[in-house]
Amino acid sequence: MTSKNDKILLINPWIYDFAAYDFWIKPLGLLSIGGVLANYGYEIELIDCLDRFHMVYGEKYSRHQLNKKNGTGKFRRQPVDKPVFLANIPRTYARYGMPIDLFRTLIDSIAIPDVILVTSAMSYWYLGPFKAIELLKEKFPGVPVILGGIYATLFPEHAREYSGADFVIEGAGERKALTKVAELTGRSIDMSSFPIQWARLPLPDFQHYPNLASVALMTSKGCPYNCSFCASRAISGDFEQRPAEHIIEQIDSYARSRHVTHFAFFDDALLIDADNHLLPILEAVRDRQLKVQFHTPNGIHAKEITAEIARLMHATDFKTIRLSYESSDKGRQREMSYKVTDESLAVALDHLETAGYNRKDIDVYVIMGLPDQDIAEVVRSMLFVTSLGAKVRLTSFSPIPGTRDWERSIIQCGFPADADPILTNNSIFPLHLFDGKQHNFQQIRYLSKVLNYSLDQNINLFDHSDLANLIKKILLTKFNA
Ligand code: SF4
């Protein structure tokens, strides 16, 4: 039975970091929990501090000036004091998202909620949820606050001790949040019909966004692989896929009724069992002639890209394509259970080019800063990607509890097992804070820009001209690769 007091406030807090950019980001877990609670009769209010199109911006802050290519764009940025752990990093630290005065305006304008749910994303962004909880406790003293999300899952003890939340939920939140909210609102809920499988839960609900510029899709959770550095298993558990027809209806509905153009897939393993999953989704998009564009900000598995998948991706307007590669090192590829090899990456790019893509419009992820990785491995990997005509997209290692590379970071590199989560920020190269190698990583970043620029200028560093040979020799000598 619903009572008039059953109001739940959902909060997606700010990002605190040296840099942040909105690549179609949405709090999918929180929106999924919102959908579940709404199904049980709760009244849901959402404040998404990262919604660049929130109505509260009004005329004071022009909303749309921040919209950039393909629905991405810059968050508003407010420089803040650096946490003590980052005092030696010579960069400006900032809060990204909705200005605090607008957040206060919003919480001043709503009825007192019965329960507040705050989510958390990257562990090293925890100052965002902390700030939200501080302001919410000030405004709504006595209202219970539940904290969940990735940080709360990976660092639950830290979250319990320091966040200010009354309750911390670890792992998949839908069932746990419903149970806790029911307890706090004094309701007895029949859980017998609650889906056991994640794939059968309601889809994340975007109805709370009056200005919806893009939709984030998660058609599956987890990943069948178990790479040494990846948090997928620790965060998402076993791999599951939603029924393709649910995703088709979701895309159709937002494309037609909300006129959304940009859809970003946030799956860790979008292409697994594509014949029964992604292909029927894309065939439906094509056959229904939906005017949409797709983006894959997470790397997709190159090995799974067949000629047919590449053709359908092109036919259904995949605009942003990023492929997972990580490294050309054979030992590392073996440790990643051969999710990709040099050959499978080359074949994937061939298929995409045949389908109509320009290779230089495709980004390939290369990872740097792993515990047992030298600079030469990174440079060799970058040169291989460039030799295939694709752009290098560097990503930096972040030590994540529950992964094999977390253990290695502690044992081989002396990373403190009890390090503050803020020190897992990948942009500060956590394993190399004190060994003087930071400079090398910065140089590698510049090198990736040079390599990518050469593709844009149609300079082939890998043909057999004297110039190409000279440049290669200099690069390989410089980085001892
Ligand atoms: S394949 Fe990708 S998502 Fe899967 S475990 Fe490896 S890095 Fe993570």
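This is a predicted model: local features need pLDDT of at least 70, side-chain atom pairs count only at pLDDT 80 or more; totals for chains, interfaces and linings use all residues.

Author: Let's start at the ligand: around it sit Cys-223, Tyr-225, Asn-226, Cys-227, Cys-230, Ser-232, Asp-268, Ala-269, Ser-324, Met-336 and Lys-339. Residues are numbered from 1 along each chain as its sequence is written.

Reader: What makes Cys-223 one of the residues around the ligand?

Author: A residue is near a molecule or strand if its C-beta atom, placed from the backbone, lies within 6 Å of it. Cys-223 is listed around the ligand, so its C-beta atom passes that cut-off.

Reader: How does the shell around the ligand divide into nonpolar, polar and charged residues?

Author: Six are nonpolar, three polar and two charged.

Reader: Where do the domains run?

Author: The domain assignment gives domain 1 as 7-190, domain 2 as 213-357 and domain 3 as 358-481. Such bounds come from an automatic or database domain assignment. Taken over C-alpha atoms, the centres of domain 1 and domain 2 are separated by 27 Å.

Reader: How do you know which residues of domain 1 are in contact with domain 2?

Author: Two residues are in contact if their C-beta atoms, placed from the backbone, lie within 7 Å. By that test, 12 residues of domain 1 touch 15 residues of domain 2. Helix H4 (residues 150-154) supplies the largest share of the domain 1 side, three residues. That side has seven nonpolar, four polar and one charged residues.

Reader: Why is the crossing of H9 and H10 called left-handed?

Author: A crossing is left-handed if the near helix is turned anticlockwise from the far one by less than a right angle, and right-handed if clockwise. H9 (residues 278-287) and H10 (residues 307-315) pack at about 35°, with axes 10 Å apart, and H9 passes H10 in the left-handed sense. Those axes are lines fitted to C-alpha atoms, for helices over the stretch in contact, and angles run from 0 to 180 degrees between N-to-C directions. Leu-279, Leu-282, Glu-283 and Arg-286 of H9 make the contact with Ile-309, Leu-312 and Ala-315 of H10. By class, that is five nonpolar, no polar and two charged.

Reader: What makes S6 and S7 a pair?

Author: Two strands pair if DSSP finds at least two bridges between them. Strand S6 (residues 115-118) and strand S7 (residues 145-147) have three parallel bridges, so they qualify. Val-118 has Leu-147 in S7 as its bridge partner. Both strands belong to an open five-stranded sheet, ordered S3-S1-S6-S7-S8 with parallel pairing.

Reader: And why are S3 and S8 called edge strands?

Author: Strand S3 (43-48) and strand S8 (167-168) each pair on one side only.

Reader: Which sheet has antiparallel pairing?

Author: An open sheet of three strands, in the order S2-S5-S4. Its twist averages 25° from one strand to the next. S2 and strand S5 (residues 94-96) share three antiparallel bridges, and Asp-17 partners Ala-94 in S5.

How values were computed: Helices (H or I, at least four residues) and strands (E, at least two) are DSSP runs, numbered from the N terminus. Ala, Val, Leu, Ile, Met, Phe, Trp, Tyr, Cys and Pro count as nonpolar, Asp, Glu, Lys and Arg as charged, and the others, Gly among them, as polar.
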